Amino acid sequence: MFSVKKDLNWFVNNLKNELGSRLTSVFIYGSCAGCGQPLVNVDMMVIVDELCAEDICKCSRYVNQWVKNPNPVPVFMDKDEWLSSADVYPMEYIDIKESHKIVYGLDLISQVEVKNSDLRLQCEHTVKNILMRYRKFYALNPKNTLLAKSFVPAIKDVIAVLKSILRLKNIPVPQNSAELLELAFRIGVEGIDVFGKLLSFKEKKCKIVDVRSTANDFLNALTKLLKYTNDMEN
C-alpha cells in the first residue's frame, strides 16, 4: 500500500547511503508540511555540501521511483547556493520559511533572511513575465480551447504574487483562496473578479463561457497588477 511517510524515509535513507556526510539537510515544504496536513504531493528540498553532477546521477534512480508515487521532482541545491539565493528567490524562500518540516539534518531555513526589497522586486518581475508571456500566447493562439488551457498556470503565478503582496503589507496570508482575494481587494488590488473566476476555473469549480472576453479582462487586470507592484517601491 502506498505510504508517503514510508517512501520519504526510504528516499532519505538512500540519499544518506549515496551522499554520506555531505547530505546536509532534507526538508519538505508547502501546504503538506503544515501541522496536521496529510503528506500528499510532497515538495522536497535536498541540500548537499559541494553538490556535483555525479551526485545527481547517483540519486537519479531514487528520484525516478519517488516521482512515480506521484510526487514532484525534489530540488537539489548546494549548501552555499541555498544560503546565498534568498535574494534571487524571495517568494519561494518566504513560502518555505512559513511552512516546512525538517526531515533530516541541519535547519538551514532559519539561517536565511528574505528582504522586503527583494520580495517586491520579484513580485514585479513575476507579473511582468506573466504579462509578456500571456500577450505572446494570446497573439499566437486566439482559439478558445487553447486560451482556456493557458489560464491555469498563469493564475497560479498570480496567486503567489498576491500572497507576497500581503506579506509586504504585513498582513497574514490566509489558507482560504476567497479570503486571500478579499484581502487583496481591500488593499487596492484591481481585477479581483477575473482572478477569482480563473481561480475557480483552475480548481474545476466553474467553466469559462466566454474565453476571449475573460482573456481580455485578465490581460487588463495583469497590467493594473504590474502598476500596483511597481508603485509599491515608492
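Analyst: A residue counts as buried when its relative accessible area is under 20%, as exposed when it is over 50%, and as partly exposed in between, with a 1.4 Å probe and protein chains only. This is a predicted model, in which local features need pLDDT of at least 70 and side-chain atom pairs count only at pLDDT 80 or more, while totals for chains, interfaces and linings use all residues. Residues are numbered from 1 along each chain as its sequence is written, and side-chain values use heavy atoms, with hydrogens and water left out.

User: Is serine 85 buried or exposed?

Analyst: Serine 85 is buried, because its relative accessibility is 9%. The residue sits in the loop between helix H3 (79-83) and H4. Helices (H or I, at least four residues) and strands (E, at least two) are DSSP runs, numbered from the N terminus.

User: Which residues does serine 85 contact, leaving aside neighbours within four places in sequence?

Analyst: Those residues are Met77 and Tyr93. Contact means heavy atoms within 4.5 Å. Valine 12 is 73 residues from serine 85 in sequence, and their C-alpha atoms are 24 Å apart in space.

User: Let us step back. How many helices and strands does the protein have?

Analyst: The protein has nine helices and four strands. Read from the N terminus, the order of elements is α-β-β-α-β-α-α-β-α-α-α-α-α.

User: What are the overall dimensions and the surface?

Analyst: The C-alpha trace spans about 55 × 40 × 35 Å along its principal axes. The protein exposes about 13,100 Å², and carbon and sulfur atoms supply 51% of that area. Accessible areas come from the Shrake-Rupley method with a 1.4 Å probe, and for residues only the protein chains shown count as cover. Of the 234 residues, 42% are buried.

User: And what about contacts across the sequence?

Analyst: Among contacts between residues at least 6 apart in sequence, 67% join residues at least 24 apart.

User: Where does threonine 24 lie?

Analyst: Threonine 24 is part of strand S1 (residues 23-29). Its relative accessibility is 9%, so threonine 24 counts as buried. Not counting residues up to four places away in sequence, threonine 24 touches Ile47, Val48, Asp49, Lys79, Tyr104, Gly105, Leu106 and Leu108. Histidine 100 is 76 residues from threonine 24 in sequence, with 16 Å between their C-alpha atoms.

User: New topic: at what angle do H4 and H6 pack?

Analyst: Two packed helices are described by the angle between their axes and the distance between the axes. For H4 (residues 90-98) and H6 (residues 144-168), the angle is about 70° and the axes are 11 Å apart. Axes are lines fitted to C-alpha atoms, for helices over the stretch in contact, and angles run from 0 to 180 degrees between N-to-C directions. H4 and H6 are therefore roughly perpendicular to each other. Angles under 35 degrees count as roughly parallel, over 145 as roughly antiparallel, 65 to 115 as roughly perpendicular, and the rest as oblique.

User: Which residues meet there?

Analyst: From H4, Met91, Ile94, Asp95 and Glu98 meet Ala160, Val161, Ser164 and Arg167 of H6. By class, this contact of H4 with H6 has four nonpolar, one polar and three charged residues. Ala, Val, Leu, Ile, Met, Phe, Trp, Tyr, Cys and Pro count as nonpolar, Asp, Glu, Lys and Arg as charged, and the others, Gly among them, as polar.

User: How many disulfides are in the whole structure?

Analyst: A search of the whole structure finds zero disulfides. A disulfide is a pair of cysteine sulfur atoms within 2.5 Å.
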